Amino acid sequence: MTDKEQMSLFDLTPSEVPLLELPHAEVTTEVTTVKKAPRSAKSPVPEAIAYEQFDSLEALREAACNCQKCPLATTRTNVVVERGDRHAKILIIGEAPGEQEDLSGLPFVGKSGQLLDKILESVGFDTTKDVYVCNTVKCRPPNNRVPTPLETNTCKPYLLEQIRLIDPKIILLTGATSLKSILAEKLSITKVRGQWYEWEGRFVMPIFHPSYLLRNQSREQGSPKWLTWQDIKAIKAKYLEVIGGDRAVDDSEEF
């Protein structure tokens, strides 16, 4: 298959594809170099915010669902904590819940989430077993605005604890908000996407947010979708390297 044909595996047109029936959360370019993130990337948690460690993800989930630490608690419908496999080697961090996520209590279940799943599946990832998905903040900002620094920093202890408890080998940062939260990068996502960083002993790659791809449907070389296709192939290759697999990612291979 050509690159364009391969990219059609994660083609999703907003005006043509209806939303799937939403699940609900249970209530209770190939890059070989790896950059080291600067020490300042450990954006400190504000002193006023206690950094509590949890014994389990269930304990973290319960605390997050009862959290009242920032203004988003008064406008949310549901707290959106996680989906995917808690033993996954790949952790994906998004920005914040949108309307569909706020209603369902699960991250990435709207059109962006459907596209994210198709991108992952295009190289053979099982989205129920191979990845764990969360956001920088657990509550929806009104009108889907970008989270404020206060909201991001207030929620960051939950995110850092998710990373510690999941202990992934690879972290994917979708979009500028998650990039800034973890790596504190001041550069545009378009400048750093597709690059491997080393952060806290893990491989980290910033990638385009799926919502950006929904607004940019071109498959031409150099387009956001084409670049994402290069990125997901590099991610699969790194994953196979991490788990000790020997199956190469081939442009001609159909998954």
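Is glutamine 162 buried or exposed? At 0% relative accessibility, glutamine 162 counts as buried. Buried here means under 20% relative accessible area, exposed means over 50%, and partly exposed lies in between (1.4 Å probe, protein chains only).

The model is predicted: local features need pLDDT of at least 70, side-chain atom pairs count only at pLDDT 80 or more, and totals for chains, interfaces and linings use all residues. Residues are numbered from 1 along each chain as its sequence is written, and side-chain values use heavy atoms, with hydrogens and water left out.

The protein chain has nine helices and seven strands. These are DSSP runs, numbered from the N terminus (helices: H or I, at least four residues; strands: E, at least two). Of the 255 residues in the chain, 52% are buried. The accessible surface of the chain comes to about 12,200 Å². Carbon and sulfur atoms hold 50% of that surface. Such areas come from the Shrake-Rupley method with a 1.4 Å probe; for residues, only the protein chains shown count as cover.

Glutamine 162 belongs to helix α5 (residues 149-166). A polar atom of its side chain lies 3.1 Å from the backbone oxygen of valine 81. Valine 81 is also one of the residues that glutamine 162 touches, not counting residues up to four places away in sequence. Contact means heavy atoms within 4.5 Å. With the same exclusion, the list of touched residues also includes Leu57, Leu60, Tyr132 and Cys134.

Alanine 64 touches Arg76, Val79, Val81 and Tyr158, leaving aside residues up to four places away in sequence. Because its relative accessibility is 3%, alanine 64 counts as buried. Alanine 64 and valine 80 are 16 residues apart in sequence. In space they are 8.6 Å apart, C-alpha to C-alpha.

A further helix is α4 (111-121). Eight of its 11 residues are buried, so α4 is largely enclosed by the rest of the structure. Among the buried residues are Leu115, Leu116, Asp117 and Leu120. The buried residues of α4 pack against β2 (83-84), β3 (90-94), β4, α8 (210-214) and α9 (224-243).

Threonine 127 sits in the loop between α4 and β4 (131-135). Its relative accessibility is 11%, so threonine 127 counts as buried. Threonine 127 touches Gly84, Asp117, Leu120 and Glu121, again not counting residues up to four places away in sequence.

Notes. A polar contact is a pair of N or O atoms within 3.5 Å; within protein, one must be able to donate a hydrogen and the other to accept it, and residues adjacent in sequence count only if both atoms are side-chain atoms.
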